[in-house]
Every structure is written in C-alpha cells, then in structure tokens.
Amino acid sequence: MKTAFKSILTEELLKIIHNEFALEWYGCHGILHWLRVRRNGLALCEKMNGNSKIAELFSVIHDCKRMDNGEDILHGKRASSFIGNTSGMIDSILSPNEIQILKYACEYHTTEDKSDNPDIQICWDADRLDLGRVGKKIDKIYINTSWAKDELFVEKLKSRPINNGLPSFFTNYIEL
Ligand SMILES: [Fe+2]
Ligand SMILES: [Fe+2]
C-alpha cells in the first residue's frame, strides 16, 4: 500500500530562508517558483523512485541566495554554502552523502546541463520545467530525464496544485 507523503521541510528552515531572501518574496525567483519546483520534483520522484528529501530541500534552497533576478551566476554557489551554514538543521534531515548531492545540485543548477546522478537530474529538471514563468521555452537539450521530456506528463503536472502535502506552517509565509 502506498504510504502518505510526509514533507521534511521545517518551519525553522523556512523562517531563515524567508528572513534572508533578498528579493521579492512573490517574484519570479521567489516562493511560488520554489513551490512549483517542489511539485515538479516530487512528481519526478514518484515516477523515478527518487529521493524526495533532496528534491524538497532543493526546491526551497536553490534560488534562496539570489542577489538579483538576472543571471547572478554565483547564486548556486551561495545556496550550496548556505547548506553548510544552517547550523545542523539539514544534517538532521539528510545523510552526509545526501548533503553532498544536494550541495552539488544547488551549486551547479545553472552552470551545468547534465548529471549522471538521478537525484540531481530530478532537481535540475524540476527547476527547468518552470522556465515558462519567465516566458522561456523549455529546450529538451537541457532536460535530463525522460519523464521531463514527456509532454503529456508535463502538461498534467502543470495542473497539479502546488500546495499538495505542504506543511501547515507555510500559511504563515505565503497566501496561496
Ligand atoms: Fe537558479
Ligand atoms: Fe529556480
């Protein structure tokens, strides 16, 4: 029997991200984008038996250290450093190996196209599937997984709500 999905996101972590995020909370790289990346990542995890803990954490961390909404090529590197500076919060959720995967996924999410690691592939595709929000067409050359190349799957994904399985404390930080 399929067990109900349990989010690993904590209010402690979201609070820090919310306090430190330098851009508009509802802007193109803000919370609503992160929740779509989360939805996309979790859907890919379902299909690929991926690591949903890594996908969820990637969604709220990968763009949290952006300094502007332009290229800001160092924002992935800053997000990766943020993971190392969260005073044990992430260490209590992920194993050391999972932390390395998450850090890599964050650090290189805009500077590399492809990975051999399926959990990194899921993170990067989950982010790229949301490029439509800024009017960009998704070029399949930059997509890693066969699921994210499947137009029917992607079309259905877009109609899924972004608050599925979201912990209740999120209502303190967003209005959906
Ligand atoms: Fe990014
Ligand atoms: Fe992003």
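**Figure 1. Contact of helices H3 and H5.** Lys-53, Ile-54, Leu-57, Phe-58 and Ile-61 of H3 meet Glu-98, Ile-101, Leu-102, Ala-105 and Cys-106 of H5. Contact is taken as C-beta atoms, placed from the backbone, within 7 Å, and helices (H or I, at least four residues) and strands (E, at least two) are DSSP runs, numbered from the N terminus. Sorted by class, this contact has eight nonpolar, no polar and two charged residues. Ala, Val, Leu, Ile, Met, Phe, Trp, Tyr, Cys and Pro count as nonpolar, Asp, Glu, Lys and Arg as charged, and the others, Gly among them, as polar. The axes of H3 and H5 come within 10 Å and cross at roughly 40°. Axes are lines fitted to C-alpha atoms, for helices over the stretch in contact, with angles from 0 to 180 degrees between N-to-C directions. The crossing of H3 and H5 is right-handed; a crossing has this hand if the near helix is turned clockwise from the far one by less than a right angle, and is left-handed if anticlockwise.

The model is predicted: local features need pLDDT of at least 70, side-chain atom pairs count only at pLDDT 80 or more, and totals for chains, interfaces and linings use all residues. Residues are numbered from 1 along each chain as its sequence is written, while chains are lettered from A and ligands numbered from 1 in the order in which they are written.

**Figure 2. Overview of the protein chain.** The chain has eight helices and zero strands, and its elements run α-α-α-α-α-α-α-α from the N terminus on. Along the principal axes, the C-alpha atoms fill a box of roughly 45 × 40 × 35 Å. Of the contacts with a separation of 6 or more, 62% join residues 24 or more positions apart. Of the 176 residues, 35% count as buried. Buried stands for 20 or more other C-beta atoms within 10 Å of a residue's own, exposed for 12 or fewer, and partly exposed for counts in between, with C-beta atoms placed from the backbone.

**Figure 3. The largest nonpolar core.** Such a core is a set of buried Ala, Val, Leu, Ile, Met, Phe, Trp, Tyr and Cys residues joined through C-beta atoms within 7 Å. Among its 33 residues, Ile-54, Ala-55, Phe-58, Ile-61, Leu-102, Ala-105 and Cys-123 touch the most other members. At least two core residues come from each of helix H2 (31–48), helix H3 (52–61), helix H4 (75–84), helix H5 (96–107), helix H6 (118–128) and helix H7 (146–149). H2 supplies the largest share, eight residues. Leaving out residues up to four places away in sequence, Ala-105 touches Ile-54, Phe-58, Ile-120, Cys-123 and Trp-124.

**Figure 4. Surroundings of Ile-61.** Ile-61 is in helix H3 and is buried, because 23 other C-beta atoms lie within 10 Å. With residues up to four places away in sequence not counted, Ile-61 touches Ala-79, Phe-82, Ile-83 and Cys-106. Leu-14 is 47 residues from Ile-61 in sequence and 9.3 Å from Ile-61 in space, C-alpha to C-alpha.

Figure 5. The buried residues include Asp-119, Gln-121, Asp-125, Asp-127 and Arg-128. Their cover includes H2, H3, H5 and H7. On the H3 side, Ile-54, Ala-55, Phe-58 and Ser-59 meet Asp-119, Ile-122, Cys-123 and Ala-126 in H6. The residues of this contact divide into six nonpolar, one polar and one charged. The axes of H3 and H6 come within 10 Å and cross at roughly 35°, and the crossing is right-handed.

Figure 6. Tyr-173 lies in the segment after helix H8 (151–158) and touches Leu-14, His-18 and Ile-31, not counting residues up to four places away in sequence. Tyr-173 counts as partly exposed because it has 13 C-beta neighbours inside 10 Å. Asn-49, in the loop between H2 and H3, has a positive phi of about 55° although it is not a glycine. Asp-72, in the loop between H3 and H4, is likewise not a glycine and has a positive phi of about 35°. Asn-49 is exposed, with 8 other C-beta atoms within 10 Å, whereas Asp-72 is partly exposed, with 16.

Note on methods. Contact = placed C-beta atoms within 7 Å.
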